[in-house]
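Thanks for coming. I will go through one model today, starting with a term and then moving to the ligand and a few individual residues.

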Amino acid sequence: MATDPATVLALPKPAWADEEVTMLYDMATKFLQAEIAPHYEAFEKAEIVDRASWEKAGANGLLCASMPEDYGGAGGSYAHESAIIEAISHVGVDGFGIALHNSIVAPYIAHYGSDEQKKKWLPKMASGELIGAIAMTEPGAGSDLQGVKTRAEKDGNHYRINGSKTFITNGQLANLIIVVAKTDPEKGAKGTSLIVVETDEVEGFERGRNLDKIGLKSNDTSELFFNDMRVPTANLLGHEEGQGFVQLMQQLPQERLQIGGTAIAMAERALALTIDYVKERGAFGRKVIDFQNTQFKLAELKTEVTIGRVFYNDCVARHVDGGLDPVTASMAKYWLSDLQGKVVDECLQLHGGYGYMNEYPIARMYRDARVQRIYGGTNEIMKLLIGRSL
Ligand SMILES: Cc1cc2nc3c(=O)[nH]c(=O)nc-3n(C[C@H](O)[C@H](O)[C@H](O)COP(=O)(O)OP(=O)(O)OC[C@H]3O[C@@H](n4cnc5c(N)ncnc54)[C@H](O)[C@@H]3O)c2cc1C
């Protein structure tokens with residue numbers, strides 16, 4: 001019987017993975033296996049997941065699980081989001097970009113939106129009618145977010161927005177995009193604001209290329225262009241302009257934890273797949289698992305993944321209690337994504353030449369894993385943030 005990524009480590013469940021969260025994990029796993037996995041090859045080739053899959057995910061409770069019930073969500077916590085994040089990586093449909101929609105984009109609206117904004121956008125995000133994205137990065141500003149050039153100028157009861165963004169996840173599908181823009185360039189970080197753009201309702205919005213990536217092929221990643229794009233001033237997030245940088249800094253820990261969650265779940269899947277593979281594959285009249293090198297390698301990986309899982313579980317417990325600090329979240333992002341890279345690489349090696357063949361899941365995992373050390377703040381930036389706490 002195939003090793004289950006969810007139980008490949010012999011660890012007790014953390015308190016936050018209670019009955020409800022476990023049920024959600026099981027439900028999400030079944031949904032993704034039945035509704036997404038059979039089409040996943042086609043999505044990888046098309047370099048995009050179809051809109052119908054988002055709507056099905058919404059109908060099955062996989063969108064906005066942690067948003068308040070009053071706004072169409074399921075009223076859960078980050079523990080519920082973690083169940084969905086882990087199910088995605090355990091099933092191996094990592095390019096289905098619902099985690100960013102759920103645990104990055106929707107929370108900005110929940111935390112900083114007015115009642116009216118929440119009523120307008122969150123129920124549609126929960127159904128999949130609106131697909132979310134967040135547009136921070138620009139061709140000239142990635143790690144250094146203060147260098148954002150996109151300009152939003154007030155023009156009566158509208159903003160006139162000019163600029164461009166790149167590498168935007170869900171950028172082809174998204175019809176609700178949180179844009180990071182300068183409302184007062186003189187003030188630097190304090191002149192930065194977050195403005196929600198409903199792309200179906202604006203002029204001057206243009207999508208660029210669906211970018212050709214080495215991995216996460218089915219996740220559309222795009223350039224966006226704003227040419228005198230007119231957006232109502234009512235779409236500003238927060239009571240006043242200039243709050244954008246603070247809002248980003250407050251929400252980035254959850255984004256970093258989410259990347260850590262994907263990392264640990266993918267490492268567990270890599271381990272489970274590789275244990276199965278080496279038990280089947282023969283060489284020199286034995287199974288590959290019988291070589292001491294294989295056992296030592298897998299023993300090391302299982303130990304390190306266990307350490308990573310315990311750390312991640314602790315971060316989630318702290319986050320659910322509201323006590324996960326940005327420095328620890330940065331540690332989770334950097335260390336767990338580094339670990340994921342190492343595990344996937346070593347697991348590919350144990351597959352031999354078959355590991356380099358795209359028909360074996362470990363090959364795709366190798367390509368998909370690489371970006372985890374880059375986006376959400378590069379691992380170098382994470383170390384910079386940790387270093388400042390010393
Ligand atoms: C697949 C994918 C999806 C993405 N999704 C999104 C998204 O949805 N929304 C969004 O806004 N962005 C997104 N990004 C952008 C991502 O967050 C940036 O690529 C990332 O922050 C790095 O910025 P950069 O690419 O400009 O690299 P740069 O900032 O140019 O960095 C280049 C190198 O310099 C290093 N470096 C930079 N500054 C320092 C420093 N001070 N000290 C030490 N080293 C440093 C970096 O670590 C890196 O190694 C995505 C990127 C990818 C690849």
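First, the term: buried means under 20% relative accessible area, exposed means over 50%, and partly exposed is in between, with a 1.4 Å probe and protein chains only. At 3% relative accessibility, then, Asn379 counts as buried.

Some background. This is a predicted model, so local features need pLDDT of at least 70 and side-chain atom pairs count only at pLDDT 80 or more, while totals for chains, interfaces and linings use all residues. Residues are numbered from 1 along each chain as its sequence is written, and side-chain values use heavy atoms, with hydrogens and water left out.

Back to Asn379. This residue lies in helix H11; helices are DSSP runs of H or I with at least four residues, strands are runs of E with at least two, and both are numbered from the N terminus. The Asn379 side chain makes a polar contact with the side chain of Ser337, at 3.0 Å. A polar contact is a pair of N or O atoms within 3.5 Å; within protein, one must be able to donate a hydrogen and the other to accept it, and residues adjacent in sequence count only if both atoms are side-chain atoms.

Now the ligand. There are 18 residues around it, and Thr137, Ser143, Thr169, Thr378 and Glu380 come nearest. Near here means that a heavy atom of the residue lies within 4 Å. By class, this shell has ten nonpolar, six polar and two charged residues. Ala, Val, Leu, Ile, Met, Phe, Trp, Tyr, Cys and Pro count as nonpolar, Asp, Glu, Lys and Arg as charged, and the others, Gly among them, as polar.

Which distances do we get to ligand oxygen atoms? For an N or O atom in the Ser143 side chain, 2.6 Å; for a polar side-chain atom of Glu380, 2.7 Å. Taken alone, the ligand exposes 980 Å², and the protein buries 65% of that; the areas come from the Shrake-Rupley method with a 1.4 Å probe, and for residues only the protein chains shown count as cover. Strand S1 (132-135), strand S3 (158-169) and helix H11 (379-387) each give two or more residues to the shell.

Last, two tyrosines. Is Tyr356 buried or exposed? Tyr356 has a relative accessible area of 68%, so this residue is exposed. Its place is the loop between helix H9 (326-350) and helix H10 (361-369). Tyr334 is in helix H9, and at 21% relative accessibility Tyr334 counts as partly exposed.
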